[in-house]
Amino acid sequence: MNKTLLPVALAGALLASGCSFIPTLDRPAAPVAEHFSAANEQAGATAAADIPWQQFFTDPRLQQVIQLALDNNRDLRVAVLNIEKAQAQYQIQRAAQFPEFGVAGSASRQPSTITGRYGNSYMVGLSMPSWEIDFWGRIGSLKQQALAQYLATEEGRKAAQISLIANVANTWLNLQADEELLAISRRTLSTREQSIKLTKLRLDAGVTSELDYRQAQSLTESARATLALQAGQRERDVNALTLLAGQSLPADLLSSMQDKQLRELPALADVPSGLPSELLLRRPDIRQAEQSMIAANASIGTARALFFPNISLTASAGFVNSKVSDLFSSDSAAFTIAPSLYLPIFNAGRNRANLQVAEANEKIAVAQYEGSIQSAFREVSDTLVNRRSLKDQLDAQSRQLEAEQVRYKLSDLRYTNGVASYLDLLDAQRSLFALEQSVVQVRLAQLQNQVNLYKVLGGGWTEPVASNNAAAPATGTP
């Protein structure tokens, strides 16, 4: 670099750390209670956000599907690419704080202002295009805004991963419930087909009426329709899980789910329910809203700086001559420096409007931040309430199912011995079939409630053990 340019660059670098008009951001207090009303305190328990998903989901098959989704899901891939985009945008704003240097050359032919004759002029050398000296922190504010947007995008990717893991787990549980419901329907259909045969024999023998036969036939076809409906639902759930995984599922995974029941699955890790609501601030979506609030606050500094003079500097150093052959001679050396200042006087209120927009956006971001906290608090509270009610419901329906199984056996025995009517047996069959399906649905809801509680408490995201990816941009001012 030319020695004459060196002091200019150093002085410019010092001036670049000028004042900032970014207002102090007072983070609002969380507009929620300190504790969840439906929670029970568990001293020393590990927070859900600190439990890696590999430890929460203990089923190796489910772990395999989740890993497939993390590697191949297109929505998550877009979220990662958005991070790269935001990081590049931050680097663009950061680079604007430094002067730009390059090699420049030009040739011109124009009349002389003294003689009026046309002459040639050639120039080559180092050039520094117009560089804004950031006295008022406008570029610095833009950099802080871009940094906050980058961090918000990073938090958004974490939130996307948490949501993806929970969706994969819930869809996997749906698919396992489908298999159990199909098994119940097949067993019920087989029982009712046997019942039709028995009823037909009794009808032909004159022991029973055609009404009993038609009732048995109707109940059998109802079971067959239910089986077809559930088979279709299973295929749709396979398609949903395939979409989440981003590729076709291994055949051995799907076959391993057959003849399995939800209660036979490896237990999910327990997550503590007695957590203070301040732990919601660890949720990536809330941290994303916080970074968006910081970015909106930084934009106010940018808008305020537009009210003050724009000071820029242009400089060049090289060789200028009217002849190309003498261009690099010692007497052709030249240096120019051209500072400029622009102070807006009238722009029809544009700067004032820009400031009002920035201030309004900051207020909107604050409201969205508070709203995200309130929404998260409600999600956790509702999940905790459902957790308690589903447990009570499953216990009650399990006891009811045991009673219905005994009732069906007794009704079948009484009908076979001619003590009871076929109507009693049909009623017992219908009740047992409906209750068996209901118990599966409640058990599914209970398991999915555990998954959702893990999700809404911020579980499902852990920092990778080692990463060679680009590091997060530095937050300090250069």
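**Entry 1: two helices side by side**

I began with a pair of helices and found that α5 and α10 are roughly antiparallel to each other. I looked up the angle at which they pack, and it is about 170°. Since angles over 145 degrees count as roughly antiparallel, the label follows. The axes of α5 and α10 lie 9 Å apart. I then sorted the residues of this contact by kind: 13 are nonpolar, 13 are polar and six are charged. A reminder to myself before going on: this is a predicted model.

**Entry 2: the nonpolar core**

Next I turned to the inside. How many residues does the largest nonpolar core have? I found 57 of them, and Phe57, Val168 and Tyr454 have the most contacts inside this core. I listed the elements that give two or more residues to it, and among them are α3 (60-72), α5 (138-204), α9 (350-416) and α10 (422-456). Which element gives the most? That is α5, with eleven residues. As a general note, nonpolar side chains tend to be buried together in soluble globular proteins.

**Entry 3: Ala269 in its loop**

I went to the loop between α7 and α8, where Ala269 is found. Is Ala269 buried, exposed or partly exposed? With a relative accessible area of 22%, Ala269 is partly exposed; buried would need a value under 20%.

What does Ala269 touch, not counting residues up to four places away in sequence? I noted Gln55, Phe56 and Gln450. I followed up on Phe56: 213 residues separate it from Ala269 along the chain, yet their C-alpha atoms are 4.6 Å apart.

I moved on to charged pairs and found that the structure holds 20 salt bridges. In general, side chains of opposite charge can pair when their charged atoms come close.

I started with Lys158 and Glu155, whose side chains meet in a salt bridge at 3.8 Å, N to O. Both belong to helix α5 and are three residues apart, so about one helical turn separates them. I checked burial too: Lys158 and Glu155 are both buried. They are also linked with Arg287 in a network of salt bridges.

Arg387 is partly exposed, at 24% relative accessible area. Asp270 is partly exposed as well, at 49%.

**Entry 4: one more pair**

Last, I looked up Asp285 and Arg283, whose side chains also form a salt bridge, at 2.7 Å from N to O. Asp285, at 27% relative accessibility, counts as partly exposed.

Methods:
Residues numbered from 1 in each chain as written. Predicted model: local features only at pLDDT ≥ 70, side-chain atom pairs only at ≥ 80, totals over all residues. Heavy atoms only, no water. Core = buried A, V, L, I, M, F, W, Y, C linked by side-chain atoms within 4.5 Å. Buried < 20%, exposed > 50% of the residue type's maximum accessible area, 1.4 Å probe, protein only. Helix = DSSP H or I, 4+ residues; strand = E, 2+ residues; numbered from the N terminus. Axes fitted to C-alpha atoms, helices over the stretch in contact; angles between N-to-C directions. Parallel < 35°, antiparallel > 145°, perpendicular 65-115°, else oblique. Nonpolar A, V, L, I, M, F, W, Y, C, P; charged D, E, K, R; others polar. Contact = heavy atoms within 4.5 Å. Salt bridge = Lys/Arg side-chain N within 4 Å of Asp/Glu carboxyl O.
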